[in-house]
Amino acid sequence: LSPVCLGSLRRAASINAEYMGDDGFIEAVASDEGFFSPGAYRDTMDLLEKKRIIIGVTVDELERFKKSFYRILPKYEETQLTEAKLGDIPVEYQDDLMGSLMRDPVQLPDGSRMDRPYVIQMLMNKKENPFTRQPMTENDVKPLPELKQEIEHWIKTQLHGLSKDQPRNEDLILDIG
C-alpha cells in the first residue's frame, strides 16, 4: 500500500473511532449508499487488522472501528428495507442526478433539485454545479422545506397506509431508518 493510502486508512479509522458514539454520525453513514458499503467496510476492517501496526492504528481504534460497523449495519439494513417498502418513488421526489428519494431536497441555481447530502458531498470534491459545471457553493443551494414536508408525508403514507385524503398527523412516528 502506498503512503497516501496508509494515511487515508489511518484517518478513516481515527475519524470513525472518534464519532462512532454519535448516533447522528451512525445514522448518516447508514443512510448514505454513496458512502457506506458493507463489503467495503468489511474489507477495510480486514486490511486494518492485517496492517494495523504499519498503518499506526491502535488495538482500541481497531475495536472501535469494528463496533461502529456492527452499529451501522443494522441501521443500513433497516434503511434498505424501508426503501423497499416505499415502492416506486414519484419522479418529483427523486434527486435529479441520483434518481433516489430525496430526504432533504434543495434547488440548485439552474433549477435542478437534489438531496442536500449529495450536493454537499459533490461540493467537497469540486465547487461546481454538477449539471452546468458552473461555479457553485453551498450558499447557492436553496432549501425546499415545503417539498421536504410533502416527501415526509408521502413516506408516512406509504409506510403506515394512510390515505391521501387523511389529514397529516404530525405526531405520527416517521420510521425511515
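Predicted model: local features only at pLDDT ≥ 70, side-chain atom pairs only at ≥ 80, totals over all residues.
A residue counts as buried when its relative accessible area is under 20%, as exposed when that area is over 50%, and as partly exposed in between.

Helix α1 covers residues 3-19.

The largest nonpolar core has 19 residues, of which F36, L48 and I72 touch the most other members. Two or more residues come from each of α1, α2, α3 and α4, with α4 giving the most, six residues. Beyond its neighbours within four places in sequence, I72 is in contact with I26, V29, A30, F36 and Y41. Apart from this core lies another, of 10 residues, including L86, M102, L144 and W154.

Attention now turns to charged side chains. Eight salt bridges are found in the whole structure. One of them joins R10 and E61 at 3.0 Å, N to O. Because R10 lies in helix α1 and E61 in helix α4, this pair ties together parts that are 51 residues apart in sequence. R10 is partly exposed, at 27% relative accessible area, whereas E61, at 12%, counts as buried.

Within helix α4, K66 and E63 are three residues apart, about one helical turn, and their side chains meet in a salt bridge of 3.6 Å, N to O. Both belong to a network of salt bridges that also includes E49.

How values were computed. Residues numbered from 1 in each chain as written. Heavy atoms only, no water. Helix = DSSP H or I, 4+ residues; strand = E, 2+ residues; numbered from the N terminus. Expected span 1.5 Å × (residues − 1). Core = buried A, V, L, I, M, F, W, Y, C linked by side-chain atoms within 4.5 Å. Buried < 20%, exposed > 50% of the residue type's maximum accessible area, 1.4 Å probe, protein only. Contact = heavy atoms within 4.5 Å. Salt bridge = Lys/Arg side-chain N within 4 Å of Asp/Glu carboxyl O.
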